[in-house]
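Thanks for asking me to look this one over. Here are my notes, in the order in which I would go through the model on screen.

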Amino acid sequence: MSTATPGTFTPQPGAAPLVQQVRAQAAMETKLLLRNGEQLLIALVIPVLALVGGVVGAERLGLTFDDRVVDVLTPGVLALGVLSTSFTSLAIATGFERRYGLIKRLGASPLPRFGLLLGKVVALFGVMALQAVVISAVGFALGWHPHGGVIGAIVALSGAFLGTLAFASLGLFMAGTLRAEATLAAANLIYLLLMMGGGVVLPHTSYGGGAGVLRLLPSGALGDVMRSGLADGQCDALGMFVLMVWAIAGSLLAGRFFKWE
Amino acid sequence: MPESSAPAVEIDGLVMRYGDKVAVDGLSLTVERGSITAVLGPNGAGKTTTLETCEGFRRPQAGHVRVLGLDPVTQRRELLPRIGVMLQSGGAWSGVRAEEMLRHVAKLHANPLPVDMLVERLGLGECGKTPFRRLSGGQQQRLGLAMAVVGRPELVFVDEPTAGMDPAARRTTWELLQELRADGVTIVLTTHYLEEAERLADMVHIIDRGQLIATGSPEELTRGSSATVRLVVDRELPADAEAALRAAVSTWSEQHQVGLQSISFGSRTLEDVFLHLTGRELES
């Protein structure tokens, strides 16, 4: 702990160019999202296991679909990937950022608030792109044949985008109002419940009578949109509409109740 | 007033309330550039609220605040790159490594200090790879200080900088703050350590219950009013000297009809000033 030469600390203040700040922020957010083993479990390991397990064990589980199993499950697991990152990971990370005063600290740095948000958004889409690559690769390895063509891909991407808005706003609403530990528990629990019974991996038709109500959940709606696009090249209009409604509702709630500190 | 010659901080009649509770009650003070200014007061005196208002986190409910000649709320984007802020606690991702966090904050600035130098100066090397949530309180404080200065700011706000630090780390922190001042950086620190204010500060503002109760250099404050007499002797006094001195002074006071309020042995410190000032307020 030596002393510095005089002049070392002479003021020379200034903000880095905004692009550099946002790039640094996005890189850091991405790195931290991927570093956390628990998040990685939720983002990659569980979806891949669900896909492989579902395809291999469909018969034994008594699952029957109109299409080939892998063609139904892969779009659903892609939807699960969106749910895991934009809702669960985002909510948990944001909850602890509030707890540890990060958002306040960065609020006193040259990084503007929209730069902070932009960094988060870039990190979210980066992680989801990685998930999509891994899940699709596993799907292809299991014999997945998407039938939707370009239109189907556009439908799926639009659905993923709307789903991200819906889930991210709901996740931020939760993280912005609950304590960090409560957010951690609730975000994981909701993820598991929606994965098993939310119409995301399995179409609502698999759940028997009365399950049509799942189409009104953001999870069911996103699953339907992904399946309609990637299996049939159609657009599930109800699903899109439901996602839009959830995105608006979530944004209103987050905007009203989210506290940065 | 042109921005370049404006005082580092000007607070005029600041009032801040949380519900019914008045946190800052008509506070006015000025911080000159290139100085270390301590805002001293007990917990709950309104120090952090005042600092956070200067940092633009809170909007003054009454009164005015100018920092480097700028309004911290409406001109925040202009102001923030020029100041450094050390929060009282926290300020990082829970899983980020200490050194990684410092490098990140450095990247947000145009001309950051060399990160390695700060890591070495503040003894962060040993915990550079440790996730933030596992750092000790003192290590988190040192990282917080490093993050506050890495952008080469003109003005640094440090909130309780040495709370939770061991004596060695505290000394290192004091040295760093003194070097910053020597290089022309203005420092505003809050503390409830009287020794810290006495050792470091050029100016001390004592705050209690949201009000300024004394201002001055440590020397001015500890010199006290004209009624304080200080006796310095050239050797250690025998055990009975204190009683004898008290008796002699009492006799002299009676003869000259001087009301003797107290006799203390040892030196007057900021602590004396503080207790005197806050004690009187408690009685009133």
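1. A word on the model first. What you have open is a predicted model, so please read each point below as a description of that prediction.

2. Chain A as a whole. Chain A has nine helices and zero strands, so its elements read α-α-α-α-α-α-α-α-α from the N terminus on. Its C-alpha trace spans about 75 × 40 × 30 Å along the principal axes.

3. A helix pair to look at in chain A. Helix α3 (residues 69-99) of chain A packs on helix α6 (residues 149-177) of chain A at an angle of about 25°, and the two axes are 8 Å apart. With that angle, α3(A) is roughly parallel to α6(A). The crossing of these helices, α3(A) and α6(A), is right-handed.

4. Who touches whom in that pair. On the α3(A) side, the contact residues include A:Val82, A:Leu83, A:Ser86, A:Phe87 and A:Leu90, with A:Arg98 also among them. From α6(A), the partners include A:Ala160, A:Gly163, A:Thr164, A:Phe167 and A:Met174. Sorted by class, the contact of α3(A) with α6(A) has 12 nonpolar, eight polar and one charged residues.

5. Another partner for α6(A). Helix α5 (residues 113-141) of chain A also packs with α6(A), here at an angle of about 125° and with the axes 12 Å apart. That angle makes α5(A) oblique to α6(A), and the crossing is right-handed. In this contact, A:Leu124, A:Phe125 and A:Met128 of α5(A) meet A:Phe161, A:Thr164 and A:Ala168 of α6(A). The contact of α5(A) with α6(A) divides into five nonpolar, one polar and no charged residues.

6. The meeting of the chains. How many residues of chain A are in contact with chain B? There are 41, and they touch 48 residues of chain B. The area buried between the two chains is about 3900 Å², and carbon and sulfur atoms give 59% of that area.

7. Helix α1 (residues 18-35) of chain A packs with helix α3 (residues 98-107) of chain B at an angle of about 155°, with axes 9 Å apart. The two helices, α1(A) and α3(B), are therefore roughly antiparallel to each other. From α1(A), the contact uses A:Gln20, A:Ala24, A:Gln25, A:Met28, A:Lys31 and A:Arg35, while α3(B) supplies B:Glu100, B:Met101, B:His104 and B:Lys107. By class, the contact of α1(A) with α3(B) has three nonpolar, three polar and four charged residues.

8. Charged pairs between the chains. Side chains of opposite charge can pair when their charged atoms come close. Chain A and chain B share three salt bridges. The side chains of A:Arg35 and B:Glu100 form a salt bridge, at 2.6 Å from N to O.

9. Salt bridges elsewhere. Over all chains, the whole structure holds 21 salt bridges. Within chain B, B:Glu160 pairs with B:Lys47, and their closest N and O atoms are 3.7 Å apart. B:Glu160 sits in the loop between β6 (155-159) and α6 (167-182) of chain B and B:Lys47 in helix α1 (residues 47-54) of chain B, so this pair ties together parts 113 residues apart in sequence.

Notes:
Residues numbered from 1 in each chain as written. Chains lettered and ligands numbered in written order. Predicted model: local features only at pLDDT ≥ 70, side-chain atom pairs only at ≥ 80, totals over all residues. Heavy atoms only, no water. Axes fitted to C-alpha atoms, helices over the stretch in contact; angles between N-to-C directions. Helix = DSSP H or I, 4+ residues; strand = E, 2+ residues; numbered from the N terminus. Parallel < 35°, antiparallel > 145°, perpendicular 65-115°, else oblique. Left-handed = near helix turned anticlockwise from the far one by under 90°. Contact = heavy atoms within 4.5 Å. Nonpolar A, V, L, I, M, F, W, Y, C, P; charged D, E, K, R; others polar. Buried area = accessible area lost by both parts, 1.4 Å probe. Salt bridge = Lys/Arg side-chain N within 4 Å of Asp/Glu carboxyl O.
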